[in-house]
Amino acid sequence: MQRRFRQVCSALKEQSHVRYAKIASAGGYSNMNTMMIKATTPDDVPIQDKYIEYFLTLFSLSPSSCHSFAITFTRRFGTTRSWRVALKCLILLHRLLRSVPGNSPLSEQLLWIRSNGLISLHPCHFRDTCSSSSHSYTNFIRSYAHLLDVMLDSTDFEDQQQEQVLELLPQLQSVIDRAMDCFPVGLAAQSFMVQSAMKLIIRDSFVCYTRFRKEMAAVLDNLLQVPYRSCIAAFNIYKKASVQSNQLYEFHEWCRAKGLCGSYEYPLVDPIPHIQIKALETFLSGMWELTEDEEEEKPLIDVEDDQVSWETLLETSVTFPHQNDMMSSFFFSSGHGHEDEQAAASSYNPFYQPNEHCGSFPRNPSYPWGL
């Protein structure tokens, strides 16, 4: 009885907000709070594109409005107990973040709000009280919020230097991990709204994985030209990728079986055999030395020609006494699979997909998914 009472109270509260927004709009009065309520009504109707375009146009015409949006979003998401409202808030934020560069005023304001403790996407304190399967909806909302929280931590990478790439790759892996955590169960898996959110999440995992594979291949191709600690960092990233690729393949297969996104959209997930990781570990164990002061590092093989092949390097490496037979058979599986140039943006944002209708954000016509 108490649970049913909470459900009724939550439903009445959300309906009163919607009625207020309708009355305000009918009277010619419309502000950020009104538009937020109208965009996140507690029903199973997807967010209309006109609201996305309204906010993006507003941001492009008045960057200062991003602060008002961040405050309004915080109030709406932080006070609701309806999973439909909370999910629509996250979908709205997700679609907006996909449409602006990583260094946009919107991202900056959201980071400021988070740093001041006004909102917490992770840990997320949302708890649903409006459904009979509150546990499954609550877990999905919290996982989705965690994904967007990780996205906000993304950094710009305009110059693709080796040290910066080694910072980018763990971020991409973290985004992929959080995307795989958004695994709906129970009634949540059958919800149309949850499935709509999953399509956004899955497609962003496509972009991040394609970007990761491309950048990881470049790192492997230049592995012997970086300092010792950077080389070890690259190996640890590659080692994690060997485990993550299997998990991502299973996640994509589950999503494909549920009919989420078209089968043609799924990228080829390249498995990384464990024996390859062991071979690389053995190969690297003797390829580097520290100088006497242990502060400066240098590769044992001095590579001056950027175009030198791995076969030449491996042939050179066998002259050292610490190499063994595994090295002659070691190979790098870099550079294969489908490449997606749209995954790279001058101002890095793993979700960045411009919109042609909104101010200074032109749409990329080659991107098939839109907003």
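I looked up Asp 43 and found it partly exposed, with a relative accessible area of 27%, where buried means under 20% relative accessible area, exposed over 50%, and partly exposed in between, for a 1.4 Å probe and protein chains only. Lys 88, by contrast, is buried at a relative accessible area of 1%. The side chains of Asp 43 and Lys 88 meet in a salt bridge of 2.5 Å, N to O, the term being used for a side-chain nitrogen of Lys or Arg within 4 Å of a carboxyl oxygen of Asp or Glu. Asp 43 lies in the loop between α2 (32–39) and α3 (49–61) and Lys 88 in helix α5 (residues 83–98), so the pair ties together parts that are 45 residues apart in sequence. Helices here are DSSP runs (H or I, at least four residues), numbered from the N terminus.

A note on provenance: I am reading a predicted model, in which local features need pLDDT of at least 70 and side-chain atom pairs count only at pLDDT 80 or more, while totals for chains, interfaces and linings use all residues. Residues are numbered from 1 along each chain as its sequence is written, and side-chain values use heavy atoms, with hydrogens and water left out.

Entry two, on the other salt bridges. I noted 13 salt bridges in the structure. Glu 265 and Arg 203 pair through their side chains at 2.9 Å, N to O. This pair links distant parts of the chain, with Glu 265 in the loop between α10 (228–257) and α11 (274–285) and Arg 203 in helix α9 (residues 192–221), 62 residues apart. I found both Glu 265 and Arg 203 buried.

I then turned to Arg 256 and Glu 253, whose side chains form a salt bridge of 3.4 Å, N to O. Because they are 3 residues apart in helix α10, Arg 256 and Glu 253 are separated by about one helical turn. Arg 256 is partly exposed, with a relative accessible area of 31%, and Glu 253 also counts as partly exposed at 31%. I also recorded a network of salt bridges that links Arg 114, Asp 149 and Asp 153.

Entry three, on a serine. Ser 136 has its place in helix α7 (residues 134–152) and is buried, with a relative accessible area of 7%. Leaving aside residues up to four places away in sequence, I found that Ser 136 touches Val 185, Leu 187 and Ala 188, contact meaning heavy atoms within 4.5 Å.

Entry four, on two helix contacts. How do α2 and α3 cross? Their axes come within 10 Å and cross at roughly 150°, which means that α2 is roughly antiparallel to α3; angles over 145 degrees count as roughly antiparallel, under 35 as roughly parallel, 65 to 115 as roughly perpendicular and the rest as oblique. The contact draws on residues including Met 32, Met 35 and Lys 38 of α2 and Tyr 51, Phe 55 and Leu 58 of α3. By class, I listed 8 nonpolar, no polar and 1 charged residue in the contact of α2 with α3.

The axes of α2 and helix α4 (residues 65–79) also come within 10 Å, crossing at roughly 50°, and are therefore oblique to each other. Among the residues in this contact are Asn 33 and Ile 37 of α2 and Phe 69, Thr 72 and Arg 75 of α4.

Definitions and conventions: Axes are lines fitted to C-alpha atoms, for helices over the stretch in contact, and angles run from 0 to 180 degrees between N-to-C directions. Ala, Val, Leu, Ile, Met, Phe, Trp, Tyr, Cys and Pro count as nonpolar, Asp, Glu, Lys and Arg as charged, and the others, Gly among them, as polar.
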